[in-house]
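This report describes selected local features of one protein chain. The sequence and structure are shown first, and the notes follow.

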Amino acid sequence: MTAARLSIPYAEIEIRAVRAQGAGGQNVNKVSNAVHLRFDIRASSLADAVKHRLLRRRDRRITDEGIVVIKAQQHRSLEMNREEALARLHELVDSATHVPKTRRATRPTRASRERRLEKKTRRGRIKALRRGVLD
């Protein structure tokens with residue numbers, strides 16, 4: 001079962017073309033084909049629960065101010081890097097739409113308690129055998 005993909009209004013996403021880092025020959029110094037994508041979570045039109053889960057997430061792409069920063073520079077074309085950056089943003093937001101299952105506290109069974117105590121007793125006997133002999 002897959003959840004419906006959230007649509008993020010394009011107006012809420014800021015995309016800038018920047019120069020890519022690394023080797024690339026003469027062209028790399030002239031052409032801006034890497035993409036910097038910025039998305040402000042707090043100012044977005046996402047549901048409050050999704051915003052909260054995104055902001056709680058420990059992801060290095062999310063700043064302390066709640067802005068998602070994604071840099072895509074893998075491809076040689078600006079358009080492909082733009083698509084990759086948008087896909088990574090959608091993947092991040094989609095992962096926050098998943099509501100974690102609430103944990104219900106349960107008690108250990110009687111048999112598991114007995115097994116634990118038996119194991120502790122057995123371990124204690126083994127350790128008692130290691131003790132020195134008293135005179």
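## A72 in strand β3

In this predicted model, A72 lies in strand β3, which spans residues 67-72. Its relative accessibility is 0%, below the 20% limit for buried residues, so A72 counts as buried.

Leaving out residues up to four places away in sequence, A72 touches A34, V35, N81, E84, A85 and R88. One of these partners, A85, is 13 residues from A72 in sequence, and the two C-alpha atoms are 5.5 Å apart.

## N33 in the loop between β1 and β2

N33 is located in the loop that connects β1 (13-18) and β2 (34-40). With a relative accessible area of 13%, N33 is buried.

The side chain of N33 comes to 2.8 Å from the backbone oxygen of R76. Apart from neighbours within four places in sequence, the contacts of N33 are V18, A20, H75, R76, S77, L78 and N81.

## Helix α1 and its buried side

Four residues of α1 are buried: V50, K51, R53 and L54. The arc they cover around the axis is only 165°, so they sit on the same side of α1. D48 and R56, on the other side of α1, are exposed.

An α-helix has 3.6 residues a turn, so residues three or four places apart point the same way. The buried residues of α1 pack against α2.

## Crossing of α1 and α2

Helix α1 covers residues 48-56 and helix α2 covers residues 78-97; their axes come within 8 Å and cross at roughly 110°. Angles of 65 to 115 degrees count as roughly perpendicular, and therefore α1 is roughly perpendicular to α2.

On the α1 side, V50, R53 and L54 make the contact, and on the α2 side L92, V93, A96 and T97 do. By type, the residues of this contact are five nonpolar, one polar and one charged. V50, R53 and L54 are also among the buried residues of α1.

D59 belongs to the loop between α1 and β3. Its relative accessible area is 17%, so D59 is buried. The side chains of D59 and R61 form a polar contact at 2.9 Å.

Key: Residues numbered from 1 in each chain as written. Predicted model: local features only at pLDDT ≥ 70, side-chain atom pairs only at ≥ 80, totals over all residues. Heavy atoms only, no water. Axes fitted to C-alpha atoms, helices over the stretch in contact; angles between N-to-C directions. Helix = DSSP H or I, 4+ residues; strand = E, 2+ residues; numbered from the N terminus. Parallel < 35°, antiparallel > 145°, perpendicular 65-115°, else oblique. Contact = heavy atoms within 4.5 Å. Nonpolar A, V, L, I, M, F, W, Y, C, P; charged D, E, K, R; others polar. Buried < 20%, exposed > 50% of the residue type's maximum accessible area, 1.4 Å probe, protein only. Polar contact = N/O pair within 3.5 Å; in protein donor to acceptor, adjacent residues only side chain to side chain. Arc of directions from axis to C-beta.
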